[in-house]
Amino acid sequence: EEDTMNRSELVAAIAAESGLSQADVNRAIDGLFSVVSGAVKGGTKVAIPGWISFERTHRDARTGRNPQTGEAIQIAASYGVKVSAGSKLKAAAK
């Protein structure tokens with residue numbers, strides 16, 4: 001079974017590691033994701049070299065199939081998000 005660290009466990013671990021209060025860590029995490037979300041929404045790539053990067057990707061419109069009826073349907077163009085692990089994060093996973 002895979003272990004999962006939830007947000008409160010992450011906040012507690014960062015607080016213990018950094019000496020900051022859990023409230024300060026919570027605000028920092030909220031700020032991080034607010035800034036990353038806004039940048040990605042605007043089409044700006046956000047990269048923390050060696051660790052992680054976030055970027056918006058574009059999916060063209062395409063024809064798909066309804067799996068229940070087999071009927072062709074049009075799928076509109078849309079945006080997605082690509083999250084890539086950097087070299088330091090990849091090395092830590094080995």
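**Notes on the model**

1. Ile14 is found in helix H1, where helices are DSSP runs of H or I of at least four residues, strands are runs of E of at least two, and both are numbered from the N terminus. With a relative accessible area of 32%, Ile14 is partly exposed; here buried means under 20% relative accessible area, exposed means over 50%, and partly exposed lies in between, with a 1.4 Å probe and protein chains only. Together with Met5 and Leu10, Ile14 forms a nonpolar patch on the surface with about 250 Å² of accessible area. Such patches are made of residues with over 30% relative accessible area and no salt bridge, like charges being joined within 9 Å and nonpolar side chains (Val, Leu, Ile, Met, Phe, Trp, Tyr) within 5 Å, and the areas come from the Shrake-Rupley method with a 1.4 Å probe, only the protein chains shown counting as cover for residues.

2. Before going further, please keep in mind that this is a predicted model, in which local features need pLDDT of at least 70 and side-chain atom pairs count only at pLDDT 80 or more, while totals for chains, interfaces and linings use all residues. Residues are numbered from 1 along each chain as its sequence is written, and side-chain values use heavy atoms, with hydrogens and water left out.

3. Side chains of opposite charge can pair when their charged atoms come close. If a salt bridge is taken as a side-chain nitrogen of Lys or Arg within 4 Å of a carboxyl oxygen of Asp or Glu, the count comes to 3 salt bridges. One of them joins Arg7 and Asp30, whose closest N and O atoms are 2.7 Å apart; because Arg7 lies in helix H1 (residues 7-18) and Asp30 in helix H2 (residues 22-41), this pair ties together parts that are 23 residues apart in sequence. Both ends are partly exposed, Arg7 at a relative accessible area of 39% and Asp30 at 43%.

4. A salt bridge is also formed by Asp24 and Arg27, with the closest N and O atoms 2.3 Å apart. Both residues lie in helix H2, 3 residues apart, which is about one turn of the helix. Asp24 is partly exposed at 33% relative accessible area, whereas Arg27, at 53%, counts as exposed.

5. Lys45 forms a salt bridge with Glu55, the closest N and O atoms being 3.9 Å apart. This pair links distant parts of the chain, since Lys45 is in the loop between H2 and strand S1 (46-48) and Glu55 is in strand S2, 10 residues apart. Glu55 counts as partly exposed at 23% relative accessibility, and Glu55 stands opposite Lys82 in S5.

6. Strands of a sheet pair through backbone hydrogen bonds, either parallel or antiparallel. In this model 3 strands form an open sheet in the order S1-S2-S5, with antiparallel pairing, two strands being paired if DSSP finds at least two bridges between them. S1 and strand S5 (78-85) stand at the edges, each with a single partner strand, so one side of each is left without a neighbour in the sheet.

7. S1 and S2 are joined by 3 bridges and form a hairpin with 3 residues between them, where Gly50 in the turn has a positive phi of about 90 degrees. Ile48 stands opposite Ile52 in S2. S2 and S5 pair over 8 bridges in the antiparallel sense, and the bridge partner of His58 in S5 is Tyr79.

8. Which residues does Ser53 touch, not counting residues up to four places away in sequence? They are Lys45, Val46, Ala47, Lys82, Val83 and Ser84, a contact being heavy atoms within 4.5 Å. Ser53 lies in strand S2 and is buried, with a relative accessible area of 11%. Thr57, in strand S2 (residues 52-59), is partly exposed at 29%.

9. Strand S3 (residues 62-65) and strand S4 (residues 72-75) run antiparallel and are joined by 4 bridges. They form a hairpin with 6 residues between them, and Gly70 in the turn has a positive phi of about 80 degrees. Arg65 stands opposite Ala72 in S4.
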